[in-house]
Amino acid sequence: MTAPIETTASQAGAQPEAILSGVKKGQIEGRSLGQIAWLRFRRDKVAVAGGIVVILLVLLAVLAKPIESIFGLDPNAFHQDLVDPVLLAPKGAWGGMSWEHPLGVDPQFGRDLLARVIEGSWVSLLVATGATILSNVIGTVLGVIAGYYGGWVDSLISRMMDTFLAFPLLLFAISISASLQDGAFGLDGLPLRICVLIFVIGFFNWPYMGRIVRGQTLSLREREFVEAARSLGARGPFILFRELLPNLVAPILVYSTLLIPTNIIFEAALSFLGVGIAPPQSSWGGMLTSAIDLYEADPQYMIVPGLAIFVTVLAFNLLGDGLRDALDPRSK
């Protein structure tokens with residue numbers, strides 16, 4: 001027979017953390033997935049730097065009008081006395097840089113480049129963010145439906161994606177933007193151009209997000225938590241929006257941070273070609289267009305908006321790469 005197990009009073013009253021010798025209370029602590037991702041992201045100094053720059057750029061865009069009002073910046077104010085009318089170049093070195101105009105002035109009308117870069121920041125970020133949200137909504141909904149239901153639904157949506165990807169997007173965007181410049185849908189001027197750019201860029205870019213979400217959904221729909229929801233009688237819409245979508249937040253977030261800089265470049269390209277944001281409203285692409293004929297006399301007029309686009313795109317790409325590594329469960 002097995003001898004009875006005797007439990008001493010000291011063993012019965014011992015606390016769980018006291019059983020492990022040498023381990024103090026609070027040394028063993030569980031972490032959520034969000035905490036693990038944040039620790040991984042925080043270790044990536046390059047991604048953190050990119051995130052800081054992105055936050056500063058967003059604040060600059062949101063507070064563009066108050067900043068211009070506080071510091072007395074006017075992006076459309078002419079300073080003809082600062083421009084040489086013969087050479088069509090700013091007076092002074094480095095594009096007319098001074099305490100009053102830290103980035104210089106444009107060689108045509110003497111407008112302050114700092115004010116025009118700040119004014120163009122909110123336009124670029126608004127168009128890029130709006131187009132990204134539109135692409136995400138359409139691509140996520142259609143992608144998760146295609147991946148979950150499969151069959152003819154998947155085939156139909158996949159062929160739709162292939163059709164949109166076959167469009168010559170740049171030519172299509174140019175034709176739509178040019179045809180709606182005079183007014184449409186009760187809008188005209190700057191609001192119409194911003195809405196048209198958001199629609200054109202966002203509506204024709206959703207297949208990229210759709211393919212990513214579809215691929216992730218194909219792997220998630222066979223997981224145990226989806227089978228458990230089915231066994232409990234959950235229907236398709238409930239599984240789609242309560243079970244699958246929460247698990248797709250990470251790839252959607254990562255791809256969004258990589259899609260925003262692409263949309264910024266697309267908006268700058270359309271403005272550069274003359275079918276985007278029209279003067280006198282400042283835009284980074286429009287500033288590059290004006291600098292084409294004047295870069296020999298004043299190279300800085302092209303460098304300043306080019307650097308603004310470069311820094312913004314680079315910061316978003318670094319942030320996106322850092323988020324991708326931090327949210328990847330297979331990374332170490």
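Local features here need pLDDT of at least 70, side-chain atom pairs count only at pLDDT 80 or more, and totals for chains, interfaces and linings use all residues. Residues are numbered from 1 along each chain as its sequence is written, and side-chain values use heavy atoms, with hydrogens and water left out.

Let's start with pLDDT, the predictor's confidence in each residue, from 0 to 100. The protein's mean is 82, and 87% of its residues reach 70 or more. Residues 1-14 stay under 50, and the model gives them two contacts beyond four places in sequence (a contact means heavy atoms within 4.5 Å). Where pLDDT is low, the predicted coordinates should not be read in detail.

Now find helices α4 (residues 45-62) and α6 (residues 113-149), whose axes come within 8 Å and cross at roughly 105°. Helices are DSSP runs of H or I with at least four residues, numbered from the N terminus; axes are lines fitted to C-alpha atoms over the stretch in contact, with angles from 0 to 180 degrees between N-to-C directions. The two helices are therefore roughly perpendicular, a label for angles of 65 to 115 degrees. On the α4 side, L57, V58, L60 and A61 meet I118, S121, W122 and L125 of α6. These contact residues divide into seven nonpolar, one polar and no charged. Nonpolar covers Ala, Val, Leu, Ile, Met, Phe, Trp, Tyr, Cys and Pro; charged covers Asp, Glu, Lys and Arg; the others, Gly among them, are polar.

Finally, which bond joins P279 and P280? A cis peptide bond does, with omega about 10°. Most peptide bonds are trans. P280 sits in the loop between α13 (249-272) and α14.

How values were computed:
Parallel < 35°, antiparallel > 145°, perpendicular 65-115°, else oblique.
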